[in-house]
Amino acid sequence: CCLPLLIDPKKSLMMPCCSKRICYGCVHANQMREKEGNLQQKCPFCRHPLPKSQEQAKMIMMERVAANDPVAMCQMGSVRFNEGDYNTAFEYWTKATGLGDVGSHYNLSLLYMNGLGVEKDKKKEVYHLEEAAIC
């Protein structure tokens, strides 16, 4: 549908196969099309088969990270952050910012603001906020 997606992850889904964020409306429409046509479940964007388990989805995501996909790196940074591993989240987000990921700049600003895995640093916090705003 090519509609601009909100940052709210409750209204969209990131596909592990292609790192594209797809709105739930498009996911639903694709599921209906597949059900009506007795088709295999595939990604609405890239048409790769959907992973059969969380482990397989994680493995596919790590392949995307290894291929230097900045969106996948940002996502893995968020996974590590939610697990409490701030140092690894910092590493993923730093690599992703080097590849131009805006969300990672914002996430790094939060780390510097709160001193999670890094020393609090107002200058770096503002730098990453500005970079996120410019992109």
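Predicted model: local features only at pLDDT ≥ 70, side-chain atom pairs only at ≥ 80, totals over all residues.
Residues count from 1 along each chain as its sequence is written, and side-chain values use heavy atoms, leaving out hydrogens and water. Local features need pLDDT of at least 70 and side-chain atom pairs 80 or more, while totals for chains, interfaces and linings use all residues.

Q: Is Asp 69 buried or exposed?
A: Asp 69 sits in the loop between helix H2 (54-66) and helix H3 (70-82); helices are DSSP runs of H or I, at least four residues, numbered from the N terminus. Buried means under 20% relative accessible area and exposed over 50%, with partly exposed in between (1.4 Å probe, protein chains only). At 9% relative accessibility, Asp 69 therefore counts as buried.

Q: Which side chain makes a polar contact with the side chain of Asp 69?
A: Leaving aside residues up to four places away in sequence, Asp 69 touches Cys 18, Ser 19 and Arg 64 (heavy atoms within 4.5 Å). A polar contact pairs N or O atoms within 3.5 Å; within protein, one must be able to donate a hydrogen and the other to accept it, and residues adjacent in sequence count only if both atoms are side-chain atoms. At 2.8 Å, the partner is Arg 64.

Q: How far from Cys 43 is the nearest cysteine sulfur?
A: A disulfide needs two cysteine sulfur atoms within 2.5 Å, and a search of the whole structure turns up zero. Cys 43 is in no disulfide, and the nearest cysteine sulfur, that of Cys 17, lies at 3.6 Å.

How values were computed: Helix = DSSP H or I, 4+ residues; strand = E, 2+ residues; numbered from the N terminus.
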